[in-house]
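Have a look at the model below, then read on.

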Amino acid sequence: MHELPQDNAQDRWMWTCCTAALQANIASWRRRNTRLLEINCGRGLCLQMLWECGFDVTGSSALPEERSAAFVNAPHGTEILAASDDDIPVETDAFDWVILHLGQHDVRRMRLAVQEAMRIASRGLVISFWNRSSLLRPLHAFGCTRFTLPCRGLFVWQVLGAVRDFPGKKRLSGCLPLPFVSGLFSLLGGAGRICTALMGAWTMLRINLDPAASGTPLGVRSGHAAALAQGAAVMECRAGGKN
């Protein structure tokens, strides 16, 4: 995602779509007293968003120019590691959460980066990548140059194959920055999520290594259900979207 330019309104809109999708994907991750590493953090723009979400963030990049920009754009005091995504100088399970952004990766390098991210993460990770099977590719082939991927990307099945033997619950989701179909997919529930993951421009694979540690610590009381004690700490959910 860090390779997405923001030179015009269209690029900035796609960035907004991607960051919103990432926030929704990691909404169940606990933030208090947890550490998050963003591998291939680029210019650090996403680090700012993750910090605002409540995570104690660290970034890493192999490129000096990206690290220099990340020091400027990331929250004050954020540590930026100089490291390739397949060899990060930290201990095993050093971070609770890891976000790995894949860009110009071939299959071999992608597998090495995924293995390193799995080594570092103790609770869960998200692998994000530009999807070569996206609907944007045929549109671009037919001359619709307004929508294009910033790099060659990877196929969904290539990434799934890299994590096939890893433990943890896996969940695919994606971002399809095409306004005339995004609304339709959002109405399809879980099926729409799979459609955006398989055909969206930007796809995320979340792996929960410690499911018991994820999720909101508050109980949920929906409508007039009385399953929880009235004095218990809950998050109220009522019909009509009123809280």
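Arg119 and Glu116 are three residues apart in helix H4 (residues 107-120), so about one helical turn separates them; helices are DSSP runs of H or I with at least four residues, strands are E runs of at least two, and both are numbered from the N terminus. This is a predicted model, where local features need pLDDT of at least 70, side-chain atom pairs count only at pLDDT 80 or more, and totals for chains, interfaces and linings use all residues. Residues are numbered from 1 along each chain as its sequence is written, and side-chain values use heavy atoms, leaving out hydrogens and water.

**Salt bridges**
- Arg119 and Glu116 form a salt bridge, with their closest N and O atoms 2.9 Å apart (the rule: a side-chain nitrogen of Lys or Arg within 4 Å of a carboxyl oxygen of Asp or Glu).
- Glu116 is buried at 10% relative accessibility, while Arg119 is partly exposed at 24% (buried is under 20% relative accessible area, exposed over 50%, partly exposed in between, with a 1.4 Å probe and protein chains only).
- Asp96 also bridges to Arg123, at 3.5 Å from N to O.
- Because Asp96 sits in strand E4 (residues 95-102) and Arg123 in strand E5 (residues 121-130), this pair ties together parts 27 residues apart in sequence.

**Aromatic pairs**
- The structure has three aromatic pairs (Phe, Tyr or Trp rings, the six-membered one for Trp, with centres within 6.5 Å; planes under 30 degrees apart are stacked, over 60 edge-to-face, the rest tilted).
- Trp29 and Phe55 are edge-to-face, with ring centres 6.4 Å apart and planes at 85°.
- Ring pairs join Trp29, Phe55 and Trp97 into a cluster.
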